[in-house]
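I opened this entry to keep track of what I looked up, in the order in which I looked. The sequence and the structure come before my notes.

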Amino acid sequence: IPAGRQALQESTVDYAKQTDDFFLAFVQYDSRSEPMAPESFAAAIARGARGLKVHPCSNQIAPNDRALYPVYEVARAHNIPVMIHVGSSVFPGAKMKFCDPMLVDEVAADFPTLQILCAHSGRGFWTEQVFSLTKMRKNVWMELSGIPPKRIMQYFPEIDRVANRVLWGSDWPSSPAPSLLIRLMRELPLQHEVIEAILWNNAAR
């Protein structure tokens, strides 16, 4: 996490704890800048953190960089997911090469019981690769935030084949209102059970 943001991260964890799991806090740790990152991550989990977020293009670190492996091991040991940004970004200084999903594949192979969420499902460049990776790796999930519902069937015409490992997200406030997106999701030409799994049930389990 960028220098100076740790207090914000800790307050987010504390806030989420008060919401009775309505919000689940994900945190960031990078062993390159924080030698005690694994220990800090474990302490955050003890305080209520429920996942790890890795933003490769903004922090210029590949998901398979061995500096991240110690924090991945903490996530695996505590059975909590790792969300990796895999897709385009308009953040200043973002470098797309770090978001290639093939870099996620190596992590999935090295940590076969670690649940990995591909945030944005490769939007912009790699939607087909993320879908194929989700089919091949049973510990890889697609996450749909930032993808307009009207584009989902275009990008993922066989999404029902991996419906048990797809999570919906709004990307709000960078997106339209979640209530509108949910309504549009329910209009997709998919079985009711598939849509409900993507919207709620996969995350709930």
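The notes below go through helices, cavities, backbone angles and a few single residues.

**Ground rules.** I am working with a predicted model, in which local features need pLDDT of at least 70 and side-chain atom pairs count only at pLDDT 80 or more, while totals for chains, interfaces and linings use all residues. Residues are numbered from 1 along each chain as its sequence is written, and side-chain values use heavy atoms, with hydrogens and water left out.

**Helix H1.** I took helices (H or I, at least four residues) and strands (E, at least two) as DSSP runs, numbered from the N terminus. I then looked up burial, where buried means under 20% relative accessible area, exposed over 50%, and partly exposed in between (1.4 Å probe, protein chains only). The buried residues of H1 are Gln9, Val13 and Ala16. They cover an arc of only 70° around the axis, which puts them on the same side of H1; the arc is that of the directions from the helix axis to the C-beta atoms. An α-helix has 3.6 residues a turn, so residues three or four places apart point the same way. On the other side of H1, I found Ala7 and Leu8 exposed. The buried residues of H1 pack against S1 and H2, where contact means heavy atoms within 4.5 Å.

**Helix H2.** After H2 comes Gly48, with a positive phi near 130°.

**Cavities.** How many cavities of 30 Å³ or more are there? I count two, a cavity being a set of points on a 1 Å grid over the protein atoms alone where a 1.4 Å probe fits but cannot get out, with lining residues having an atom within 4 Å of a point. Grid points are joined across faces, edges and corners, and a volume is the space filled by probe spheres set on the points.

The largest cavity holds about 60 Å³ of space. Eleven residues line the largest cavity, and the closest to its centre are Tyr29, Asp30, Val54, Asn59 and Leu68. Strand S2 (residues 51-54) gives the largest share of this lining, three residues. By class, I wrote down six nonpolar, three polar and two charged residues for the lining of the largest cavity; Ala, Val, Leu, Ile, Met, Phe, Trp, Tyr, Cys and Pro count as nonpolar, Asp, Glu, Lys and Arg as charged, and the others, Gly among them, as polar.

The second largest cavity holds about 40 Å³, and its lining is made of Ala75, Arg76, Asn79, Ile80, Thr113, Leu114 and Gln115.

**Backbone angles.** Most residues other than glycine have a negative phi, and most peptide bonds are trans. I therefore looked for departures from that pattern. His120, in the loop between strand S4 (116-119) and helix H6 (127-136), has a positive phi near 75°, and at 6% relative accessibility His120 counts as buried. Asp171, in the loop between S6 and H8, has a positive phi of about 65°, and at 26% relative accessibility Asp171 counts as partly exposed. The peptide bond from Trp172 to Pro173 is cis, with omega near 10°.

Met153 sits in helix H7 (residues 149-155). Leaving aside neighbours within four places in sequence, I found Met153 in contact with Ile159, Leu188, Pro189 and Leu190. Met153 and Leu188 are 35 residues apart in sequence, with 7.8 Å from C-alpha to C-alpha. Pro189, in the loop between H8 and helix H9 (192-204), is exposed, with a relative accessible area of 67%.

Technical notes. On a 1 Å grid over the protein atoms alone, a cavity is a set of points where a 1.4 Å probe fits but cannot get out, and a pocket is an open set with protein on both sides within 12 Å along at least five of seven lines; lining residues have an atom within 4 Å of a point.
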